[in-house]
Amino acid sequence: MLTLHGLGQRWGDTLALADVDLSVGPGEILGITGPSGAGKSTLCRIVAGVQAPSRGLVCMAGAPVTGVPPERRGVAIMFESYALYPHLTVFDNVAFPLRAPGAPRLGRETLGKRVRELLRFVEVAELEDRRPVALSGGQRQRVALSRALVQEARVYVLDEPLSHLDAKLRHTLRGAIRRRLVRGRAPTIWTSPDALEVLAVADRVAVLVGGEVRQVGTPAEIYRRPAHVDVARLVGDPPMNLLEGVVEAGPGGLRFRHPAFSLPLPPAIAARVEAARPGARVVLGLRPAELRPGRAADSGPAGRVWVWEPLGRYGILSVSLGADLMRLKVERGIPFKTGEPVTIDLDAAEPLLFDGVRGVAL
Amino acid sequence: MASIRIEQVWKRYGAVEAVRDLNLACPDGLLLALLGPSGCGKTSTLKMLAGIEDVSEGELYFDERPITGLAAAARNVAMVFEDYALYPHLTVAQNIAFPLEIRGRPREEIRRATNEAIALLGLEALRDTGVRLLSGGAQQRVGIGRALVRRPAVLLFDEPLSHLDGAQKSGLRAEIKRLQKDAGVTSVLVTHDQTEAMAMADRVAVMDQGVLQQVGSPDDLYDRPANLFVAQFIGEPPMNLLPGRLERRGERLVLDGMSGELALPAAATAGLAGRARTEVVVGVRSEHLWLADPAAPGVGLTGAVFFREPRGDSDVVLVEVGGPGAARLAVEVEAASRWREGDRVRVGVTDVALHVFDSTTGARV
């Protein structure tokens, strides 16, 4: 069990991390996502002990590890920057933690077997005699990854482990790494600026924005019930449509009013908004896959086709709606012409509403 | 504006043949994407069009006029770079005006053209901001403005989105597409990212090892990949490829391979009877496979769930068939599915047109 209590990191006037409380159970993968500068790498470095937090505690198995030097924490970290040893071969880079003082002594043969198993796992077996300078970015990243996974660690920290790999390899390695990690009992932290990646591999996901945890939950919770507008902005492909407007009272109940359209709020949301006064600024969230394009005569917000991006089986239709763009994820088949009028059918939509000032979900 | 034609073009670096006998065209006003992995020859092709690299053999035409012998400056092409390549000490407006300033254009023309570009890109509020203070996406918009301000005959984009993350990337992707259409400028986009190429281009040229594999609309490439390379490169998750032998079972054809027989839908095998008892590779997109309990009646491969990847709108389930470490099939199902790692499942094929490739040449059958 890894627990973080009230972690804070201050650099001069900037708060890189603010009051972060997180826990990762045995054999659990906690994904951490957020835009660049959110504090993901800072958090990783603090857990590994290569950086001391301004405040707060890191505990492993219930005991604080503050003051325990990195080499004695039993944390296997893969740095975002790889941090490979330029003078060592691929093999020796991966073998390095197994030969470090304090590591259980392994026979030459056992060590070779362990290292080569990992190099095969990340598909760089044929490169074991090369030095890092002779590798591509993606190959270096895989060497750094195997140097972390080769260890029998108490905690694994993978800071953007797959960001420089091509789509196909990223796709196959995701599942393979997850299976490998959850077989063991060690907690894992896995970060990525790509929310889709951590939602695919993690048991739970923490969304970090500006050093603050916006939400922690299972992938399904993060997808279905983002707790903050910052979370909604990061998840989904394409991400959720977020439209600013106000709540107003109408004959049939509360409505969301946007400069280009007005929408009755579903009763469940309206009940919660009742507390917030009508006239309050809010942000409406609509998932692209829940919107359908309609004919110009249909009811629903009316806009114009801004651009159509075909992506194979489906495509992304961007519709201009006043000053905003609304994105629809639609099955292929209907040809869309730039500039033509289109309405947006909201019948299948399950809208979300966020406070326009604080950003929290209503 | 100009149409582009590339005729029997080769690029050699010593003994290395970076581009081999390339024939390709882009009609006036369209966007052509050059797509492929690193080393496929896409960047060499772009550089030859820009005039930064010599053509080893062959001819390039703009509007059917040969330009191979023209210096870069005489071709009226503009480039948008991966790393923006802006002047960091200048403002947005100064960066955009720069190409006209160094050409000594009249004050009034520079002012008007710069304002037009700034309006087109929606950069009015940032015009006097130093570019260092801008986000990556805004910097790249300035890069595009600087390229457009010269009214080039051809606009060349070299991996314009690769330094951006998530939302910025998909936002600017749509914006470039719209801008390119509004400006009507013939454009060539180099990218290794199939999503980018599909989303933005009118025509996509897929290259591998210096050789053009296929050129067509995004829908063509997705629906009728010409060979195994294109089949694997286009689409996400990548197309499932099942090697095996076509066998006749009564009226139907089955694929014998991957430790089991897979019944192929009738629609998929029309016209393939002559291929019975030959080795092929069958390609199936993840959305054309279905999952059921292993006890379910019907024919299909059985396997075990290796990994379930939730994607919000759908789950991609990787199924291991033919034992551990053998083939893995990606199956896309509705979210949130009930399948979990280790579950035994039956995998079937929906009755749609499949893709069949010759196992030796890789060409579409």
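1. In this predicted model, A:Tyr82 is located in the loop that lies between strand E6 (75–78) and H2 of chain A. Although A:Tyr82 is not a glycine, its phi is positive, at about 75°. Most residues other than glycine have a negative phi. A:Tyr82 has 19 other C-beta atoms within 10 Å; since a residue counts as buried only with 20 or more, A:Tyr82 is classed as partly exposed.

2. In chain B, a positive phi of about 55° occurs at B:Asn76, which is likewise not a glycine. B:Asn76 belongs to the loop between strand E5 (65–66) and strand E6 (77–80) of chain B. Because B:Asn76 has 15 C-beta neighbours inside 10 Å, it counts as partly exposed.

3. Helix H2 (residues 90–99) and helix H3 (residues 108–121) of chain A have axes that come within 10 Å and cross at roughly 125°. H2(A) and H3(A) are therefore oblique to each other, and the crossing is right-handed. H2(A) contributes A:Phe91, A:Val94, A:Ala95 and A:Leu98 to the contact, while H3(A) contributes A:Leu111, A:Arg114, A:Val115, A:Leu118 and A:Leu119. Of these residues, 8 are nonpolar, 1 is charged and none is polar.

4. Two cis peptide bonds deserve attention. One runs from A:Asp237 to A:Pro238, with omega near 0°; A:Pro238 sits in the loop between helix H8 (229–234) and strand E11 (241–250) of chain A. The other runs from B:Glu236 to B:Pro237, with omega near -5°; B:Pro237 sits in the loop between helix H8 (228–233) and strand E11 (240–249) of chain B.

5. Strand E17 (residues 314–321) of chain B is largely enclosed by the rest of the structure, because 6 of its 8 residues are buried. E17(B) is joined by 7 bridges to strand E16 (residues 301–310) of chain B, and the two run antiparallel. Within this pairing, B:Arg308 stands opposite B:Val317. The hairpin of E16(B) and E17(B) has 3 residues between the strands, and B:Gly312 there takes a positive phi near 90°. E17(B) also runs antiparallel to strand E18 (residues 327–334) of chain B, with 8 bridges between them; here B:Ser314 stands opposite B:Glu334.

6. The contact between the chains takes 33 residues from chain A and 28 residues from chain B. On the chain A side, helix H5 (167–183), helix H6 (195–201), helix H7 (219–224) and strand E16 (302–310) each supply at least two residues. H5(A) gives the most, with 7 residues. The chain A side divides into 17 nonpolar, 7 polar and 9 charged residues.

Key: Residues are numbered from 1 along each chain as its sequence is written. Chains are lettered from A and ligands numbered from 1 in the order in which they are written. This is a predicted model: local features need pLDDT of at least 70, side-chain atom pairs count only at pLDDT 80 or more; totals for chains, interfaces and linings use all residues. Two residues are in contact if their C-beta atoms, placed from the backbone, lie within 7 Å. Helices (H or I, at least four residues) and strands (E, at least two) are DSSP runs, numbered from the N terminus. Ala, Val, Leu, Ile, Met, Phe, Trp, Tyr, Cys and Pro count as nonpolar, Asp, Glu, Lys and Arg as charged, and the others, Gly among them, as polar. Axes are lines fitted to C-alpha atoms, for helices over the stretch in contact, and angles run from 0 to 180 degrees between N-to-C directions. Angles under 35 degrees count as roughly parallel, over 145 as roughly antiparallel, 65 to 115 as roughly perpendicular and the rest as oblique. A crossing is left-handed if the near helix is turned anticlockwise from the far one by less than a right angle, and right-handed if clockwise. A residue is buried if 20 or more other C-beta atoms lie within 10 Å of its own, exposed if 12 or fewer, and partly exposed in between; C-beta atoms are placed from the backbone. Two strands pair if DSSP finds at least two bridges between them.
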